[in-house]
Amino acid sequence: MTTSTTPIPARAVTGSDPAVSLAGVTKDFGPVHAVRGIDLDIRPGEVVAFLGPNGAGKTTTIDMILGLSQPTSGEVSVLGLRPRQAIAHGLVSAVMQTGGLLKDLTVRETVQYTASLFGQTRPVDEVLAGAGIAGIADRKVAKCSGGEQQRLRFAMALLPDPALLLLDEPTTGMDVEGRRAFWAAIREDAERGRTVLFATHYLEEADQYADRIVLVSKGRVVADGSGAEIKGLASGRTIRATVSDPDTAALAGIGGVDNVEVRGDAVIVHAKDSDAVARYLLTQTDARDLEITAKGIEEAFLSLTGDSNDDPEGATA
Amino acid sequence: MTAQTIDTTTRRVPPLGGFSLTVLRIELRRMVRNRRTVFFTLVMPVLLYLIIGTNDTYGDDRAGSGNVSAYILISMAAYGAVLAATSGGAMVAAERALGWSRQLRLTPLSPVAYIATKSIVALAFGALSVVAVNVVGALNGKAQMPTHVWIAAALIAWAGSVVFGAFGLFMGYLLPSENVMQVLGPVLAGLAALGGLWFPIDADSTMGHISAVTPIYGLANLARWPLLGGAPHLAWILNLVVWLTVFVGGAAWRMSKDTARV
């Protein structure tokens with residue numbers, strides 16, 4: 001079958017458009033405010049984790065980026081195009097956690113079926129081999145294990161060589177080795193310019209593999225930065241050093257210090273700016289055995305998305 | 001962070017909204033592979049014809065330009081076409097339950113191309129069912145009617161089954177089940193009886209008046225019209241058109257709801 005060429009608006013040609021751009025996006029379901037105003041730009045080639053508790057509005061936001069639902073207000077654009085246009089051009093793929101497969105098709109038929117719906121795709125055999133499912137190409141989907149079905153979903157998503165890949169809890173059910181191999185492949189693609197946005201509950205995973213973490217809670221972005229920045233933002237770091245006769249008042253006076261504690265000859269300082277505290281201790285005192293520890297991202301996550309930020313209309317789906 | 005970007009300027013939108021012969025081929029293969037579908041839409045109408053239609057006590061009685069066997073053959077072909085078209089349309093129920101419909105919405109496939117594909121599959125299977133009953137009927141030799149009646153009746157039974165493709169689609173959106181045909185099979189058997197496919201219904205009786213507003217009535221009478229002769233009644237055509245409108249409207253309504261919710 002032949003394919004027609006539809007020119008993409010000139011705006012996209014510059015390549016300077018963000019991979020994803022959300023401007024003042026809200027989404028209501030009746031009286032429920034699922035998304036309450038998200039502004040977000042994701043640059044091409046970024047690997048971004050979308051992190052948040054259930055009901056934070058992650059899935060609703062991803063659905064709007066995919067053009068599966070329309071925002072109540074605000075603008076969504078993908079690579080400078082409207083979401084449905086980007087999908088029609090084969091620029092966006094998504095991998096959902098479950099479902100999305102016909103049990104009575106074989107693995108190869110599923111990929112062929114999907115491939116024939118796009119304007120152009122990578123060769124079916126190449127994609128099957130790349131996903132490690134060439135050996136089970138003639139097996140019925142119903143007879144594939146959960147892991148094999150997940151690989152098939154990836155094969156389908158990678159068929160059009162998308163510029164933007166959205167993943168919903170991508171490594172659920174994978175073992176440690178599988179997870180590592182998966183992320184290695186994703187990082188490799190990102191280096192070629194593919195943008196990846198993944199929703200996850202594996203907080204460590206977000207910290208380890210994302211360039212950037214966008215923390216969402218109650219329909220808003222509550223934090224946005226690298227894993228280290230998020231952790232620092234939420235709970236700061238703990239500096240511990242052995243100091244003879246510490247000047248607690250001077251320590252407490254350093255900007256960003258939350259708490260100073262003396263235990264025997266050790267001083268323990270909680271601070272947002274650990275560098276300033278360390279610099280003071282090492283230059284102004286006889287401190288030794290200095291240790292700086294970051295709190296885990298788990299704690300950062302809890303303190304940023306917890307119930308501390310009071311919101312009377314906080315009921316979200 | 002990144003030296004390269006993926007070239008987004010050379011991407012093409014597929015023609016015809018993503019309609020593809022590959023998909024059509026795979027969809028047809030799916031239906032033929034489904035033993036339950038094959039039994040109920042291909043084997044059962046043939047068996048019913050052989051059991052009911054070839055009975056020696058009435059089979060050779062005259063019916064229009066042919067015999068009673070021919071009359072029953074046409075009825076069973078119409079029943080097969082109705083079952084096949086409904087099954088084809090109702091496939092959407094399982095696809096929605098499995099999340100396949102959502103998956104398809106992440107591809108360039110347009111809803112119109114999707115419906116076109118499903119309709120062609122439903123009609124192709126309807127054709128297969130009509131051909132099966134007619135070929136077995138011809139080989140069996142009991143049914144007698146002029147050649148043009150064979151052809152006209154088969155074509156009408158097949159074309160009229162499009163109403164039930166829409167019915168299957170509507171029910172497929174209404175009933176989110178993987179086994180929607182287990183519900184629709186008995187419903188269709190009942191509608192076939194009311195529509196006059198199992199036994200003739202006196203048009204002037206109370207039963208006849210009820211029959212005239214049920215969905216299979218129009219198709220049953222139009223399919224037998226080449227055999228029985230005369231002018232087709234306006235009521236038959238009206239019945240077919242009204243039910244087609246109801247089912248297409250219902251399917252379109254459910255489909256738009258579906259899109260809005262996901």
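The largest pocket of this predicted model has a volume of about 890 Å³. Helix H3 of chain B provides the largest share of its lining, 6 residues. The second largest pocket has a volume of about 730 Å³, and H6(A) contributes the most to its lining, with 9 residues. Chain A also holds an open, antiparallel sheet of 3 strands, on which helix H2 (residues 58–65) of chain A packs.

**Largest pocket**

- The lining of the largest pocket comprises 29 residues, and those closest to the pocket centre are B:Asn34, B:Arg36, B:Thr37, B:Glu178 and B:Asn179.
- Four helices of chain B give two or more residues each to this lining: H1 (21–33), H2 (35–53), H3 (68–97) and H8 (180–195).
- Among these helices, H3(B) supplies the largest share of the lining, 6 residues.
- Sorted by class, the lining of the largest pocket contains 14 nonpolar, 7 polar and 8 charged residues.

**Second largest pocket**

- The second largest pocket has 27 lining residues, and A:Ala131, A:Arg151, A:Phe154, A:Met174 and A:Phe182 are the ones nearest its centre.
- At least two lining residues come from each of helix H5 (124–130), helix H6 (146–158) and helix H7 (176–191) of chain A.
- The greatest contribution to the lining of the second largest pocket is that of H6(A), at 9 residues.
- By class, the lining of the second largest pocket divides into 10 nonpolar, 8 polar and 9 charged residues.

**Sheet of chain A**

- The strand order in the open sheet of chain A is S2-S1-S4, and the pairing is antiparallel.
- Strands S2 (32–42) and S4 (73–78) of chain A form the edges of the sheet, each pairing on one side only.
- On average, neighbouring strands of the sheet are turned by 25° against each other, with direction ignored.
- Helix H2 (58–65) of chain A packs on this sheet and touches S1, S2 and S4 of chain A. The direction of H2(A) makes about 120° with that of S1(A).

**Pairing of S1 and S4**

- Strand S1 (residues 20–29) of chain A pairs with S4(A) in the antiparallel sense over 5 bridges.
- A:Ala23 has A:Glu75, in S4(A), as its bridge partner.

Conventions. Residues are numbered from 1 along each chain as its sequence is written. Chains are lettered from A and ligands numbered from 1 in the order in which they are written. This is a predicted model: local features need pLDDT of at least 70, side-chain atom pairs count only at pLDDT 80 or more; totals for chains, interfaces and linings use all residues. Side-chain values use heavy atoms; hydrogens and water are left out. Two strands pair if DSSP finds at least two bridges between them. Axes are lines fitted to C-alpha atoms, for helices over the stretch in contact, and angles run from 0 to 180 degrees between N-to-C directions. Contact means heavy atoms within 4.5 Å. On a 1 Å grid over the protein atoms alone, a cavity is a set of points where a 1.4 Å probe fits but cannot get out, and a pocket is an open set with protein on both sides within 12 Å along at least five of seven lines; lining residues have an atom within 4 Å of a point. Grid points are joined across faces, edges and corners, and a volume is the space filled by probe spheres set on the points. Ala, Val, Leu, Ile, Met, Phe, Trp, Tyr, Cys and Pro count as nonpolar, Asp, Glu, Lys and Arg as charged, and the others, Gly among them, as polar.
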